[in-house]
Structure formats: C-alpha cells, structure tokens
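Here is a short report on how parts of two chains pack together. Look at the structure first, then read on.

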Amino acid sequence: MRLKGRHKIIPYLFILPWIVGFIGFTAFPAGFSLFMSAFDWSIVGEREFVGLGNYTRMFEDEVFYLAMANTAKYAALLVPLGLALSLALAMLLSKNVRGMGFFKTAFYVPTLLTGVALAIVWGWILSDRGVLNFFVDALGGPQIRWLTDPGVALWAVVLTTFFGQGAQMLIFLSALKNVPSELYEAATIDGAGAGRRFVTITLPMIGPAIVFNTIISLIAAFQQITVVLNLTGGGPDKATYFYSLFVYQNAFVRGNLGYAAANAWVMLVAVLALTLLFIKLSRRWSYYEV
Amino acid sequence: MPARKIARRTGLYATLTTVAIVLLFPFYWAFISSLKPKAEQAQYPPTFWPSEFEWSNYVYAWNSQPFSQYFVNSVFVTTMAVIGVTLSSSLIAYGLARFEFKGKRAIFVLLLATMIIPWDVLVVPLYMQYSYLGWIDTYLPLIVPSFFGIPFYIYLLTQFLRTIPRDFEEAALIDGANHFQIYWTIFMPMMRPQLVLTAILHMLVVWNDFLGPLVFLNDPNKFTLPIGLSFFKSSQLIDTTSMLAISVVMLLPPLIVFFLGQRYILGNEAQSGVKG
C-alpha cells in the first residue's frame, strides 16, 4: 500500500525499531571495529595509531595461518558432508509412504542438541574408552584417540557438528516437493535411470536450495567456537584452534582489541568473498537465477 | 501389491529406521549414561543398558552447582528475548511487506546483507559499548537486541505477509481503523503460525547461547545454564555422569517446546502422515 501526504511517514514508523537496532547494534559497532583495527588498542593502557599495522602483523603471525587453515579445513569437510547428509535425508523423506511424519521428527530432533550440551555428549561418545571406539573396535578397527590425537581431532569436531542438519533438510525437502513429477515421468519413459534423473533433473531443479544451504552453513562453519571451546578447547596441539577462537582469545584473553578487530575484518572479507564467488559459480549450473 | 514393490518398500523402511537409530543414538547414549552407577560408567566395554537406574545422579549433579539459579536465569532471559523478537520482527515485517515507500528495496537488501556479518566483528565493539552503558554483568545485552528485530525472522514473516490480499487493510481503513490497529488486531492473529515458528526458533538459539553470557556476564550468580554447565565442565573433568545429567535436563525444555510446536516447524504433513 502506498500512502500519501503526511501519512507517508507511517511505514518508516513500523520499521523504525530495525533502523535503530541496525545503527546501534550493527552499523556503529562494525564501523567502530574497523576504526579500532587501525590502533594498537589494549584493554588497559594507551592506544596508539598503527594504520595498517595490525593487518601486516597478521601476515607474520604463524597462529593466524594455522587458525585460518584449520577453519578452512573444517568448513571444507563439514559443508559438503552436511549438504550430502541433509539432501539424503530430505530425499528419503520425500517418498510418499505411511509414517513419514514420525521419521521427519526423528531426523529433525538431533538439531535440538547444540552448543555446550552437544560438546559434552559427544565428548563422552568420542572419549578414548568411549562408545564410538567400542563400535570401531567391534568392527575390527584400531583404537582412535579422537580428542587427543592432533591428526584426527578436527574430524572429531566435524563428527560432533554433523548430525544437526534439520534446518537444511527442511529447505531441501520443500525444494524437492516443488520439482514437477512430470519431469521424472518423462525422463523415465526416455529410459533415464535413477542416477541420471538425480543429476539432470533433481540437482538443477533444487539449485537455489543448494546455494542457500551452502552459504548458510559456510558462514556458520567459519564462526564455529562454542563446540570447539567445550569439546577440545582448540587442542590438542592447536589442531582444532579455529579462527573464531583466535579472534576471541586475542580480544578477551590477550586483550589486544585492535588486533582482534583486524582479525575479524579479515574473516568478514574472506566469508564475503567466498559467498560471492560461490553465487557466481552457481549461476553456471543452477536452473534458477539466485 | 506386487512382490517387487513390497521388497522396495521394506528396504525403504529399513533404511529410514537405521538412519533414525544412528541420528538419535547420542540422545539415548547421553540419557542412559547419566543414569548408570558411577562404577559402571567407567567400564569398558560399555553397557548398553544400566544395571540399575541411579536417579540420584540427577539430584547430586543438580545440587553440586547452583543449577536451579542458572535455570531460572535461563528461563528469564529466553522468555524476554522471545517476547522481544516476536513483537519487533512482526512490526518490522509488517512495515516492509504491506507498504510501498522510498528506500524500501535498499533497506531490505541491507537487512539481508547483515546476516553475513560474523559475531567476531561485532563482539569487541559491543562489549565496549555495553560497558560504557553499564550493561556488563546484566541481562540487557542478551535481551535488548531482540527487541529491535532479527533479520532472519523479519525475512520469514515478510514472505508470509506478502501473500495476503490487500482487501484486509482497505476494508479496515474504511471502518476507521489506523495502521497500527490493523497490524495488531488483524494481521497479528493471521501470523500466528509464523510467530510461533519464530518464537520456537529463537527460543532454541537463546536457550543454548554460550558466547553472549561468556562475554557479557561475570557474576556466577547471573550465569545461564550453558555457561554454568561449561564452567562446571572445566572445574571437574572427571565427573562425566553429572555433566551428562545436566545436559539432559538442559535438553528437556527445547524438546518439550519442539514437540508442542512441531507442526509449525516441520509443516502440516508431520502430524497427519502422508497418504501411503
């Protein structure tokens, strides 16, 4: 509805809370953080203008590279695995059989276990004499020190955060339901097998959902801190020292606020660049414009 | 039904059941582990059914820290944040979905773009801002931002509000209602399912929030459950049984809320069971 005269102000009154909140809790802090990143700014003591000093300092900081690499590795494992799992679950749920409501609930419920409780429950499952090692043992595998071997600890974090795919699953499910069934029927008549139907019909038709889910889970993976802090604490030997942990500790443990602000901005730029790159690439194979 | 179809259907149910068992296993494992007697907990190979249900584990764990206090704190923070987010997000979504005005597109794009900003960027300046305002060690940083709308929920409500025909406002305006009355008395009831969804999703986020209380609260009496549980974990690494018991208790409110409102999250088919 378009309003006239003095009533023109009304829509702005409705969105006023967001404008105020955006300025107060997003725009101003973000701008201030950029400003801080140009200073050697510690919690106590003097602050000193260093220009791009915090940014150049990062490129000489080994821990920066390590944290970035760990986070990239984690995202590169979790995002595709999470997409595959949520899509597989959605495809199972899209079959029209009795009792699907029960399975839909069962597949969604793991999403409710998150944060600190998730880390504690999985910490117990993954412990040296834990139940996962019992299963591995029963299958004839070697004992794996999930949380104490630097070579596998990253996988422990991936595994812990892997089951809670409910939101992505629901997005895939509604996308799958919108694929016209005539497409599948026509392809079947033309002799296309299940694999071929999946690649040539399903994937392109649910393209926008894939793009959306990838971006959301990529952003989430880059910000992961709660689980690592409570599961491994970034260890062993910094094997799960993620970027957000690096930023958090620089700010609140070491008190280098300016450096932490610069760290955070590098992350924002990295996530933004990855997102834009992904959207650009996806236009090539997605059926819809995103 | 032909034999092939029966075989295929059996295979489907077998797959569905297996996947469900694997996905739900952590819940089962946390629950039975929290009930085992202490000696049995340390056994390897582990037992898959406790020899005895030690319910006193829960009493012991709950009383080992001021968890009752943390629980009350969590309930307070979550309730306030959920009230705030449903009121503010619906108001903002109404403004964006039901009016045409200058700058609307730009505002909408900006709103969606803010979702990409990681907390890492905001946490340090917000800490300073809150400390300047005297909000550190109060619940205000955990509650107040919810009263200014959260982009994801605004987007969700906007998508729904756009589908409603214009006739509603036009008729009400002729009857002499003002725009706020229209929003409050006509559209709020219509948005009920989406508002319930918003409330449930936000409840899950705030109830489990760890980072906010970690950064903005210092006084242990003000702790919420996640932070209380995390500090408990670092203070006594060995007592897994108690930590699991608290984790299970912490899971109950989200589970209850989810089961009460699952048709709003999962869609209508979840209840009826699609035709076979």
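Predicted model: local features only at pLDDT ≥ 70, side-chain atom pairs only at ≥ 80, totals over all residues.

The crossing of α4(A) and α1(B) is left-handed.

Which residues make the contact between α4(A) and α1(B)? From α4(A) come A:F103, A:A106 and A:F107. From α1(B) come B:L16, B:A20, B:L23 and B:L24.

## The largest nonpolar core

The largest nonpolar core has 143 residues. Within this core, A:V121 and A:F172 touch the most other members. Domain 1 (3-54) and domain 2 (66-272) of chain B both give residues to the core, so it lies between them.

Take A:V121 and leave aside its neighbours within four places in sequence. A:V121 is then in contact with A:L113 in chain A. In chain B, A:V121 contacts B:P26, B:A30, B:L244 and B:S247.

## A mostly covered helix

Helix α13 of chain B spans residues 225-235. How many of its 11 residues are buried? The count is 8, and the helix is mostly covered. The buried residues of α13(B) are B:L225, B:P226, B:I227, B:G228, B:L229, B:S230, B:F232 and B:K233.

What do these buried residues pack against? In chain A, the partners are α5 (115-125) and α12 (226-231). In chain B, they are α4 (67-98), α11 (192-208), α12 (211-216) and α14 (240-266).

Methods
Residues numbered from 1 in each chain as written. Chains lettered and ligands numbered in written order. Core = buried A, V, L, I, M, F, W, Y, C linked by C-beta atoms within 7 Å. Buried ≥ 20, exposed ≤ 12 C-beta atoms within 10 Å, placed from the backbone. Domains from an automatic or database assignment. Contact = placed C-beta atoms within 7 Å. Left-handed = near helix turned anticlockwise from the far one by under 90°. Helix = DSSP H or I, 4+ residues; strand = E, 2+ residues; numbered from the N terminus.
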